[in-house]
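Subject: Structure handover

Hello,

Here is the structure I said I would pass on. Please open it first and then read the notes below it.

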Amino acid sequence: MKILNPLKLAIIAIFALVFTACDNNEVNPLVVGDYDGTNFSTHASTELAIGQQLAALTAEAKKGRANGTVVSEETLNNLFTIGSPSLKSTATSYFAGKLEGNTGFMAELANASGGTYTPGTPSGNGGTYGGFLFDENGLEMEQLIEKGQFGSVLYNHAVKLLSGTLTPESTDKVVAIFGANPTFPNSNDASKHQSPDKFAAVYAARRDK
């Protein structure tokens with residue numbers, strides 16, 4: 001039986017924690033011995049770019065929260081497919097199929113945008129309600145698009161990185177795709193930290209103290 005490096009196990013465990021219930025309390029910045037991330041930006045340029053692409057797609061989807069604002073399905077699709085690698089090429093084929101197409105999450109979000117959602121019996125295409133955008137069944141497509149990619153894109157990419165020997169370069173890459181950085185602020189508060197946590201790292205920071 002193959003025994004995984006302890007750091008690999010820790011990274012996998014932290015990713016797994018993201019998909020369980022969490023509170024909103026953050027803890028102090030982490031101190032990680034024997035890791036300084038000196039060449040972090042260089043080593044993790046691809047992973048940082050993937051993160052920026054996901055942030056751009058999420059920001060576009062969030063525009064639909066504003067009353068009367070229509071989000072273009074074409075724009076969402078473009079943000080999903082541009083880049084090398086793109087979010088689509090990094091994602092699992094299963095989840096990519098969930099996002100695209102006439103009945104995909106991006107089409108559903110675009111159809112719901114610009115309308116008004118009324119809780120109750122499903123009707124129409126959905127719309128805004130209480131500052132959020134829902135489809136006709138009360139599902140928040142924006143969250144399905146973003147959080148689904150935490151697993152299908154970010155975790156999927158991390159698993160491939162962890163399949164080989166763990167090196168300073170691959171460690172930097174995994175830290176970046178997790179949404180953290182070598183300072184490990186354990187917080188997404190940009191007013192307190194120059195490089196706040198993003199993506200899965202935000203939720204890990206809210207876990208058990």
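How many helices and how many strands does the secondary structure of the chain come to? The answer is 10 helices and two strands. Please keep in mind that this is a predicted model. In order from the N terminus, the elements run α-α-α-α-α-α-α-β-β-α-α-α. The chain has 209 residues, and 41% of them count as buried. Among contacts with a separation of 6 or more, 60% are between residues 24 or more positions apart.

Helix H4

I begin with H4, residues 73-81. Its buried residues are Leu76, Asn77, Leu79 and Phe80. They lie on the same side of H4, because the arc they cover around the axis is only 160°. These buried residues pack against H3, helix H5 (87-90), helix H6 (93-99), helix H7 (105-112) and helix H8 (141-161).

Both ends of H4 have something to look at. At the start, a side-chain oxygen of Ser72 comes to within 3.2 Å of the backbone nitrogen of Glu74. After the helix comes Gly83, with a positive phi near 100°. The loop between H4 and H5 holds Pro85. The peptide bond that joins Ser84 and Pro85 is cis, with omega about 5°. In general, most peptide bonds are trans.

Helix H7

Which residues of H7 are buried? They are Phe105, Met106, Ala107, Glu108, Leu109, Ala110 and Ala112. That is seven of the eight residues of H7, so the helix is mostly covered. The cover includes H3, H4, H6 and H8, and strands E1 (127-129) and E2 (132-134) also take part in it. H7 is followed by Gly114, where phi is positive, near 90°.

Glu108 is the charged residue to check in this helix. Glu108 counts as buried because its relative accessibility is 17%, and the cut-off for buried is under 20%. Leaving out residues up to four places away in sequence, Glu108 touches Thr103, Asp135, Glu136 and Met141. One of these, Asp135, is 27 residues from Glu108 in sequence, with 6.6 Å between the two C-alpha atoms.

Thr58 belongs to helix H3. Is Thr58 buried or exposed? Thr58 is buried, as its relative accessible area is 7%. A polar atom of the Thr58 side chain lies 2.9 Å from the backbone oxygen of Leu54.

H3 (residues 45-62) also supplies the largest share of the lining of the second largest pocket, namely five residues. This pocket has a volume of about 270 Å³. Its lining comes to 15 residues, and those nearest the centre are Leu48, Gly179, Ala180, Pro196 and Lys198. Sorted by class, the lining has seven nonpolar, six polar and two charged residues.

The loop between H9 and H10

Asn181 sits in the loop between helix H9 (168-178) and helix H10 (199-204). Asn181 is buried, at 8% relative accessibility. Where does the side chain of Asn181 reach? It comes to 2.6 Å from the backbone oxygen of Ser195. Apart from neighbours within four places in sequence, Asn181 is in contact with Phe40, Val175, Ser195 and Pro196. Pro196 is also one of the residues nearest the centre of the second largest pocket.

Asn186 lies in the loop between H9 and H10 as well. Asn186 is buried, with a relative accessible area of 9%. Its phi is positive, near 60°, and Asn186 is not a glycine. Most residues other than glycine have a negative phi. Phe199 also has a positive phi, about 50°. Phe199 is placed in helix H10 and counts as buried at 12% relative accessibility.

Regards

How values were computed. Residues numbered from 1 in each chain as written. Predicted model: local features only at pLDDT ≥ 70, side-chain atom pairs only at ≥ 80, totals over all residues. Heavy atoms only, no water. 1 Å grid on protein atoms, 1.4 Å probe; cavity = no way out; pocket = protein on both sides within 12 Å on 5 of 7 lines; lining within 4 Å. Points joined across faces, edges and corners; volume = space filled by probe spheres on them. Helix = DSSP H or I, 4+ residues; strand = E, 2+ residues; numbered from the N terminus. Buried < 20%, exposed > 50% of the residue type's maximum accessible area, 1.4 Å probe, protein only. Arc of directions from axis to C-beta. Contact = heavy atoms within 4.5 Å. Polar contact = N/O pair within 3.5 Å; in protein donor to acceptor, adjacent residues only side chain to side chain.
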